[in-house]
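Open the model in your viewer and keep the sequence panel beside it.

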Amino acid sequence: MMAKADMLAASIKTPSLIRVGDKKVDFFPGCAIIDVTFPNTFSVEIGEIQFKNYYTHTLTIKVKRRSRSHMSSGDIKWRTCLPCLKLMPCCHFESRAEDIFTINTKMLKFDLSNIVALKFILNQPSPTWKEFRIEDMTFFKKTGEDQNAPSLPNWMTKARPSPEEDVCHRDIKGVPPMDELSKQLQTMWALADKTSSHQTSATLGRFDVDGSYDINLLTYT
């Protein structure tokens, strides 16, 4: 996770809806644009972007990038670094509609170096949601740790482990199969629960026999 000291100061505009035809007509556009600039800097290097979704279906990010031949403040073409990232599995259902997302350099088509401005293009084709946007946008500068970050191990990136690697189905010497062990544990838990629910409320005497005490069982001090 990036440190707060690595945050970049950014100027983020409110989402601008793209309209077609007469502005007076109540038309759901399904597309919005958020412009981001970095004041008081010539260019920045971005290592990570974090934001919270609010009912946006897909996200496309375009950047205005300075090349070595454009060191002046002349016009620079926009380039797409992240095309059509799906934030919600289905635009008509609210699954992941308010999740927090992190975009790192591995998800982009190229590194975000010498960046002047960004353009976030939001899309929500479903008429179910009248409002959509992304919130709490935070930009972090690129650090040496990002460039030399080790790749994740195989067991973390595999969606489904093979039967040989799955510890839930691996036979261990001296231990019964996991399925059989699980059934035995469930039976024990059921018996323990049944026993605890049928406990008597009567007090049990320690030395009494048929309502009276045996003198030989009493201890004198």
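This is a predicted model: local features need pLDDT of at least 70, side-chain atom pairs count only at pLDDT 80 or more; totals for chains, interfaces and linings use all residues.

Residues are numbered from 1 along each chain as its sequence is written, and side-chain values use heavy atoms, with hydrogens and water left out.

**Stop 1: the core.** Select I46, I49, I61, L118, F120 and F139. They have the most contacts inside the largest nonpolar core, which has 32 residues. A nonpolar core is a set of buried Ala, Val, Leu, Ile, Met, Phe, Trp, Tyr and Cys residues joined through side-chain atoms within 4.5 Å. Buried means under 20% relative accessible area, exposed over 50%, partly exposed in between (1.4 Å probe, protein chains only).

Now colour β8 (112-123), one of the elements that give two or more residues to this core. The largest share, five residues, comes from β8. Strands are DSSP runs of E, at least two residues, numbered from the N terminus.

**Stop 2: F120.** Which residues does F120 touch? Among them are I33, I49, I61 and F139, not counting residues up to four places away in sequence. Contact means heavy atoms within 4.5 Å.

**Stop 3: Y54.** Select Y54, in strand β4. Y54 is partly exposed, at 22% relative accessible area. Its C-alpha is 9.8 Å from that of M88, 34 residues apart in sequence.

**Stop 4: Q124.** Move to the loop between β8 and β9 for Q124. Buried or exposed? Q124 is buried, with a relative accessible area of 0%. A polar atom of its side chain lies 2.8 Å from the backbone oxygen of Y55.

Notes. Helices (H or I, at least four residues) and strands (E, at least two) are DSSP runs, numbered from the N terminus. A polar contact is a pair of N or O atoms within 3.5 Å; within protein, one must be able to donate a hydrogen and the other to accept it, and residues adjacent in sequence count only if both atoms are side-chain atoms.
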